[in-house]
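Please open the structure in your viewer and keep the selection tool at hand.

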Amino acid sequence: MGKIVAIGGGDLSKLATEPIDRTIIELSGKSSPHALFIPTASSDSVEYWETFDRAYRVAYGCDTDVLYLLGATPDPSEVARKIERADIIYVGGGNTLKMMRRWRRLGVDALLREAYARGAVLCGVSAGAICWFESGHSDSMSFYHPEDWDYIAVTGMNLVKGLACPHYNGETAGVPRRKDFHDMVRRKGGVGIAIDNDCALAIIDDAYKVLPAAPDAGAYTLFVSERQVVERPIEADEEYLPLSNLYRR
């Protein structure tokens, strides 16, 4: 059973996404699952790992671990062992482009595909949401050229169809996501999947569910019709709905 939870944004240190996190734990099917945190996109931030640990171990009662992938080349057997052991794999936010390049170089993307196939819950925020889709709207270039950058589309793992945009109701360095994502969908076509901060989209096999953690947070599909970008709210329901609904025009 494939299980993916893509979180648009949220503050782990304040447990802002607790309803989403509780759903992630429930999807694991275990009362105290083994949760692996991968902070590649944040340059293997120790502080970020400690924040995750406080949330998932201290607050939620999981057995937690971290997988660092930068710097010296990690032991492939240790990387495989950690991923194979995990019931939940949570990918942190940051530089999506850097993360995907590193994963592919180390073969981590293949290991994550195997985890998906065996039913582990693959989840994450921002870069950790984009990575599961065909591609995603990313501010990765702001990490390299903070004074002069543009949003780019970064290729993901293609476990979920569509062009993903996290932080849809937010911005990076004063540049709003929503308007730029509209422009990107207009240029690229296909279907865009946009997720607000404090909201997630859970995709379980061929069904989906919107998981808001704040009253005004939601998710949207975008597509081009008669040269105009159409933005449509994704229906929030207590039950999982057919995934095909997301791609209707």
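Begin by selecting Trp103, Arg104 and Leu106 in helix H4, which meet Val108, Asp109 and Leu112 in helix H5. Contact here means heavy atoms within 4.5 Å. Helices (H or I, at least four residues) and strands (E, at least two) are DSSP runs, numbered from the N terminus. The residues of this contact divide into four nonpolar, no polar and two charged. In this classification Ala, Val, Leu, Ile, Met, Phe, Trp, Tyr, Cys and Pro count as nonpolar, Asp, Glu, Lys and Arg as charged, and the others, Gly among them, as polar.

Before continuing, note that this is a predicted model, in which local features need pLDDT of at least 70 and side-chain atom pairs count only at pLDDT 80 or more, whereas totals for chains, interfaces and linings use all residues. Residues are numbered from 1 along each chain as its sequence is written, and side-chain values use heavy atoms, with hydrogens and water left out.

**The two helices as a pair**

Now select residues 96-106 for H4 and 108-118 for H5; the two pack at an angle of about 85°, with their axes 5 Å apart. Axes are lines fitted to C-alpha atoms, for helices over the stretch in contact, and angles run from 0 to 180 degrees between N-to-C directions. H4 and H5 are therefore roughly perpendicular to each other, a term that covers angles of 65 to 115 degrees.

**The buried face of H5**

Which residues of H5 are buried? Select Val108, Asp109, Leu111, Leu112 and Ala115. Buried means under 20% relative accessible area, exposed over 50%, and partly exposed in between (1.4 Å probe, protein chains only). Seen down the axis of H5, these buried residues fall within an arc of 160°, so they line one face of the helix. The arc is that of the directions from the helix axis to the C-beta atoms. An α-helix has 3.6 residues a turn, so residues three or four places apart point the same way.

Just after H5, select Gly119, which takes a positive phi of about 100°.

**Helix H3**

Move to H3, where Val79, Ala80, Lys82 and Ile83 are buried. Viewed down the axis of H3, its buried residues fall within an arc of 165°, so they line one face of the helix. Their cover includes S2, strand S3 (63-66), S4 and H5.

**Two loop residues**

Most residues other than glycine have a negative phi. Select Ser43, in the loop between S2 and helix H2 (46-59); Ser43 has a positive phi of about 60° although it is not a glycine. Ser43 is partly exposed, with a relative accessible area of 43%. Next select Asp205, in the loop between strand S12 (199-204) and strand S13 (207-212). Asp205 has a positive phi of about 55°, and at 40% relative accessibility it counts as partly exposed.

**Leu222 and the cysteines**

Select Leu222 in strand S14 (residues 219-225), where Leu222 is buried at a relative accessible area of 0%. Leaving aside neighbours within four places in sequence, its contacts include Tyr168, Phe181 and His182. Leu222 and His182 are 40 residues apart in sequence and 7.7 Å apart in space, C-alpha to C-alpha.

Finally, select Cys165 and Cys199. The structure holds zero disulfides, a disulfide being a pair of cysteine sulfur atoms within 2.5 Å. The sulfur of Cys165 is 13 Å from the closest cysteine sulfur, in Cys199, too far for a bond.

Notes: Parallel < 35°, antiparallel > 145°, perpendicular 65-115°, else oblique.
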